[in-house]
Amino acid sequence: MPLNAIILAAGKSTRFNGIKQLANLNGDSLVNHTISQVDCPTINHVYITLGAHSCRVMSQLHEHVSPIISQNWELGMGHSLADSVNELSQSSGRLLVCLADQVAVLPNHYRQLTELSRQHPDAIIASCVNDRACVPAIFPRRFFTPLSQLQGDQGAKEILKQHAADVVTVNCPCAQQDIDTNEDLFMYQQDKL
């Protein structure tokens with residue numbers, strides 16, 4: 001069964017002045033930047049989970065990406081992830097879960113995750129920041145049920161904690177950097193100059 005990717009981009013981003021998913025990041029939208037970072041030959045297909053502003057964001061997506069519209073996005077990230085896992089559980093053997101606003105995670109890190117997942121197909125392969133497992137992370141099929149039952153604002157972090165003995169980590173300090181505000185985006189772009 002293939003490895004598919006889910007990029008979570010359903011939130012309203014209330015701290016961001018504007019539609020964060022479509023914010024300009026070096027000439028492309030934030031969401032398309034992340035899609036380009038994630039998309040590698042070892043990933044069968046990239047899906048993006050949308051909610052707030054879904055029609056506007058969908059109209060700007062790269063053509064090879066498939067949208068999933070979360071019906072429960074307003075209830076939190078856990079619900080959006082659960083909706084996505086339910087949608088893809090029959091067509092996936094493993095799922096890479098990542099966040100659209102983790103723009104600093106590089107393609108090389110995604111390749112490391114997918115290679116480790118190939119070597120350890122029954123383990124969760126997760127990024128690690130300050131000795132804590134986090135997304136981006138790859139979950140094998142046996143974890144789809146708990147992922148599909150997530151609710152509220154709790155994303156995959158709770159599953160990573162509960163199944164710590166099943167997690168193989170890859171250090172990724174840049175996974176802690178995400179874009180929540182316009183100032184975060186400005187600072188990220190300034191660091192890249």
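Start at Leu 147. Contact here means heavy atoms within 4.5 Å. Leu 147 lies in helix H5. Its relative accessible area is 0%, so Leu 147 is buried. Buried means under 20% relative accessible area, exposed means over 50%, and partly exposed lies in between (1.4 Å probe, protein chains only).

A note on what is on screen. This is a predicted model, in which local features need pLDDT of at least 70 and side-chain atom pairs count only at pLDDT 80 or more, while totals for chains, interfaces and linings use all residues. Residues are numbered from 1 along each chain as its sequence is written, and side-chain values use heavy atoms, with hydrogens and water left out. Helices (H or I, at least four residues) and strands (E, at least two) are DSSP runs, numbered from the N terminus.

**Strand S1**

Select S1, residues 3-9. This strand is mostly covered, with 7 of its 7 residues buried. In a regular strand the side chains alternate between the two faces of the sheet. Colour the two sides separately. Leu 3, Ala 5, Ile 7 and Ala 9 are on one side. Asn 4, Ile 6 and Leu 8 are on the other, and both faces are covered.

Next, show the partners of S1. Two strands pair if DSSP finds at least two bridges between them. S1 pairs with S6 in the parallel sense, over 6 bridges. Pick out Ala 5, which stands opposite Leu 96 in S6. S1 also pairs with S4 (residues 45-50), again parallel and over 6 bridges. There, select Leu 8 and its bridge partner in S4, Thr 49.

**The largest pocket**

Rolling a probe the size of a water molecule over the atoms shows where empty space is left. A pocket is an open set of points on a 1 Å grid over the protein atoms alone, where a 1.4 Å probe fits, with protein on both sides within 12 Å along at least five of seven lines; lining residues have an atom within 4 Å of a point. The largest pocket has a volume of about 1300 Å³. That volume is the space filled by probe spheres set on the points, and grid points are joined across faces, edges and corners.

Which residues lie nearest the centre of the largest pocket? Select Met 77, Leu 99, Asp 101, Asp 153 and Asp 178. The whole lining holds 43 residues. They divide into 20 nonpolar, 12 polar and 11 charged. Ala, Val, Leu, Ile, Met, Phe, Trp, Tyr, Cys and Pro count as nonpolar, Asp, Glu, Lys and Arg as charged, and the others, Gly among them, as polar.

Several elements supply at least two lining residues each, including S1, helix H3 (77-88) and strand S6 (94-99). S8 gives the most, with 4 residues.

**Salt bridges**

Show the charged side chains. Side chains of opposite charge can pair when their charged atoms come close. A salt bridge is a side-chain nitrogen of Lys or Arg within 4 Å of a carboxyl oxygen of Asp or Glu. By this rule the count comes to 5 salt bridges.

Select Lys 20 and Asp 180, whose side chains meet in a salt bridge at 4.0 Å, N to O. The pair links distant parts of the chain, 160 residues apart: Lys 20 sits in the loop between S1 and strand S2 (24-25), and Asp 180 in the loop between S9 and helix H7 (182-191). Lys 20 is buried, at 10% relative accessibility. Asp 180 is buried too, with a relative accessible area of 19%. Beyond four places in sequence, Lys 20 touches Ser 13, Leu 30, Asp 101, Ile 179 and Asp 180.

Go to helix H4 (residues 107-119), which holds both Glu 115 and Arg 118, 3 residues apart, about one turn of the helix. Their side chains meet in a salt bridge at 2.5 Å, N to O. Glu 115 is partly exposed at 32%, and Arg 118 is exposed at 54%.

Then select Arg 142 and Asp 166, a salt bridge with its closest N and O atoms 3.2 Å apart. Arg 142 is in the loop between S8 and helix H5 (144-148), and Asp 166 in the loop between H6 and S9, 24 residues apart.
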